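Keep the structure open as you read.

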Amino acid sequence: MKNWCYTGGLWALVVGVLGWGGVSAVARDAEGAQPNVVLMFVDNVGYGDLGCYGNEEVKTPRMDGLAAEGVLCTDFYIGSPSCMPSRGALMTGRSPVRNGLNEQIYQIDELEQTSLPLREKLFPEYLKELGYATACFGKWNLGFAPGHRPTERGFDEYLGNISGNCDYYTHIYNGRPDFYRGTEPVEIKGYTTDIIAEAACEFMWRHRDAPFFVYVPFNAAHFPNAKNKPPGEPVIWQATDWAFGQYGYDPGTLDERERYRAVLTALDHGVGRILDALDELKLADETIVILLSDNGAFMIPGRGLECASNLPLKAGGQELYEGGIRVPCVVRWPGVTEAGTVCEEPLWSMDLLPTAVAAAGGQVSEDRVLDGKDVRAVLAGEAVSPHEHLCFHYEGRDAIREGKWKLYRRRAISPWELFDLETDIGETANRAAAHPDVVERLAAVFEKWKADAELRSD
């Protein structure tokens with residue numbers, strides 16, 4: 001793999017040697033041109049983990065800069081508080097209840113997993129029909145049985161880890177190599193974040209003169225997994241020496257907070273490399289850049305509790321409190337979003353598919369129900385959310401948001417809890433007793449939604 005995007009200087013040298021420049025002007029008509037789409041999906045990064053969301057200790061200048069150049073969403077939700085169903089919702093534009101993948105599949109070997117039903121039409125399939133080159137680089141985690149692999153579900157190219165996580169340097173998952181190119185295992189050296197970013201940059205360079213969709217599901221900042229380590233090796237967050245150096249930390253530090261910050265900064269650097277590539281290719285003005293997290297940071301010992309942050313939200317991954325499903329999301333869309341703006345409208349990850357397809361001049365399939373909506377006008381600050389309600393169901397937990405109200409219950413037999421997110425974003429005061437009418441009304445709306453989603457899965 002060529003190192004197309006290690007530095008701006010190297011990139012400029014490559015372009016100069018090839019005698020190529022002014023890419024964006026070559027083949028694109030400014031009026032009605034199909035925008036490129038770069039969708040970066042970070043792993044287990046919490047609402048309070050980034051500088052642009054108020055974290056004053058972490059160094060994430062590139063993601064903060066992206067927010068300054070676009071719109072920062074404060075009320076953006078994911079389809080599920082767990083990695084696999086969250087990815088399924090993103091890729092289909094459909095709730096996990098509706099698309100048939102509403103669990104985290106652990107028991108079945110990845111090479112035999114069939115997670116998203118083949119009836120589901122995925123994000124890249126829509127854009128491929130519209131003439132886009134498509135690629136996925138990073139964490140797949142949607143099953144790798146024949147017929148379910150990325151290059152069999154709409155992506156022209158794939159490079160990354162097929163499971164839910166892998167060692168950042170050895171790329172081992174549960175004792176075996178986890179990196180694949182296309183459908184074949186590949187041995188590749190380096191830090192996963194850098195490998196993923198480099199692959200994305202190289203793909204964009206090759207497809208610079210036609211519309212492309214690059215899905216970049218980074219495996220960072222997933223917690224370290226003992227199953228991915230040889231016996232006796234410490235189970236600690238892994239980052240590059242460069243990232244530790246940004247804080248003046250010793251790369252050998254055992255302080256988990258310091259190590260986690262370094263992971264986030266290394267991730268930020270990977271995001272920056274992709275943004276730099278777009279600048280150097282003169283494609284930034286023709287590209288929608290979206291960055292969001294797959295769920296909230298885990299508030300579990302050894303998995304983020306000590307160092308990750310969902311502040312000021314409650315709980316984290318696996319939960320339907322805000323900390324599990326409200327995530328950081330930044331969108332830079334020249335000509336649509338205004339630099340430095342904030343969107344407080346409730347949106348969710350399932351909106352991204354129909355929004356991108358509409359921007360590309362296409363239409364979503366009429367033979368299936370999508371839970372996502374085209375939210376271009378909302379991101380532009382010209383409209384309110386098209387969603388009257390956002391509903392969630394995961395592992396027996398239920399939740400619904402309507403405006404300022406959030407209704408939640410841990411089990412179907414548990415009493416509903418009601419929160420006023422406008423005055424209590426941390427969900428500390430249960431208002432159910434004070435507003436029984438709201439509880440009754442929202443509970444009825446939720447039950448109707450759940451029954452409809454389960455019935456209308458095709």
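A cavity is a set of grid points where a 1.4 Å probe fits but cannot get out. The model here is predicted. How many cavities of 30 Å³ or more does the count give? It gives 4.

The largest cavity holds about 60 Å³ of space. Part of its lining comes from Asn165, Cys166, Asp167 and Tyr168, which are among the lining residues. Asn219, His222, Phe223, Pro224, Asn225, Asn228 and Lys229 also belong to that lining, as does Gln238. By class, the lining of this cavity has 6 polar, 4 nonpolar and 2 charged residues.

The second largest cavity holds about 50 Å³. Ile288, Ile290, Val331, Trp333, Leu352, Thr355, Ala356 and Leu379 line this space. Two elements give two or more residues each to that lining: strand S11 (287-293) and helix H11 (352-359). H11 supplies the largest share, 3 residues. What classes make up the lining of the second largest cavity? It has 7 nonpolar residues, 1 polar and no charged.

Now turn to the rings. The count of aromatic pairs comes to 20. Phe144 and Tyr158 form a tilted pair, 6.3 Å centre to centre, with 50 degrees between the planes. This pair links distant parts of the chain, 14 residues apart. Phe144 lies in the loop between strand S4 (133-137) and strand S5 (157-161), and Tyr158 lies in S5. Are these two residues buried or exposed? Both Phe144 and Tyr158 are buried.

A second pair joins Phe223 and Phe298. Their arrangement is edge-to-face, 5.7 Å centre to centre, with 75 degrees between the planes. Here too the pair links distant parts of the chain, 75 residues apart. Phe223 sits in the loop between strand S10 (212-216) and helix H8 (241-245). Phe298 sits in the loop between S11 and helix H10 (322-325). Phe223 counts as buried because its relative accessibility is 10%. Phe298 counts as buried because its value is 5%. Recall that Phe223 is also among the residues that line the largest cavity.

Other rings gather in a cluster. Ring pairs link Phe41, Phe123, Trp140, Phe155, Phe213 and Tyr215 there. Charges meet rings as well. The charged end of Arg208 sits over the ring of Trp205, 4.5 Å from the ring centre. The charged end of Lys314 sits over the ring of Tyr321, 4.1 Å from the ring centre.

Next, look at strand S4. How many of its 5 residues are buried? The number is 5, and the strand is mostly covered. Ala133, Ala135 and Phe137 point one way from S4, while Thr134 and Cys136 point the other way. The residues on both sides are buried.

S4 has strand partners. S4 pairs with S10 in the parallel sense, over 4 bridges. In that pairing, Ala135 has Val214 of S10 as its bridge partner. S4 and S5 also run parallel, joined by 3 bridges. There, Phe137 stands opposite Leu159 in S5.

Finally, consider the open spaces. The largest pocket has about 510 Å³ of space. It is lined by 27 residues, and those closest to its centre are Gln104, Tyr106, Asn165, Tyr173 and Asn225. Asn165 and Asn225 are also among the residues that line the largest cavity. By class, the lining of the largest pocket has 11 polar, 10 nonpolar and 6 charged residues.

The second largest pocket has a volume of about 360 Å³. Its lining has 15 residues, and Arg98, Asp371, His389, Trp449 and Asp452 lie nearest its centre. Strand S15 (390-394) and helix H13 (436-455) are the elements that give two or more residues to this lining. Which element gives the most? H13 does, with 4 residues. By class, the lining of this pocket has 7 nonpolar, 6 charged and 2 polar residues.

How values were computed:
Residues numbered from 1 in each chain as written. Predicted model: local features only at pLDDT ≥ 70, side-chain atom pairs only at ≥ 80, totals over all residues. Heavy atoms only, no water. 1 Å grid on protein atoms, 1.4 Å probe; cavity = no way out; pocket = protein on both sides within 12 Å on 5 of 7 lines; lining within 4 Å. Points joined across faces, edges and corners; volume = space filled by probe spheres on them. Nonpolar A, V, L, I, M, F, W, Y, C, P; charged D, E, K, R; others polar. Phe/Tyr/Trp six-rings, centres within 6.5 Å; stacked < 30°, edge-to-face > 60°. Buried < 20%, exposed > 50% of the residue type's maximum accessible area, 1.4 Å probe, protein only. Lys NZ or Arg CZ within 6 Å of the ring centre and 35° of its normal. Pairing = 2+ DSSP bridges.
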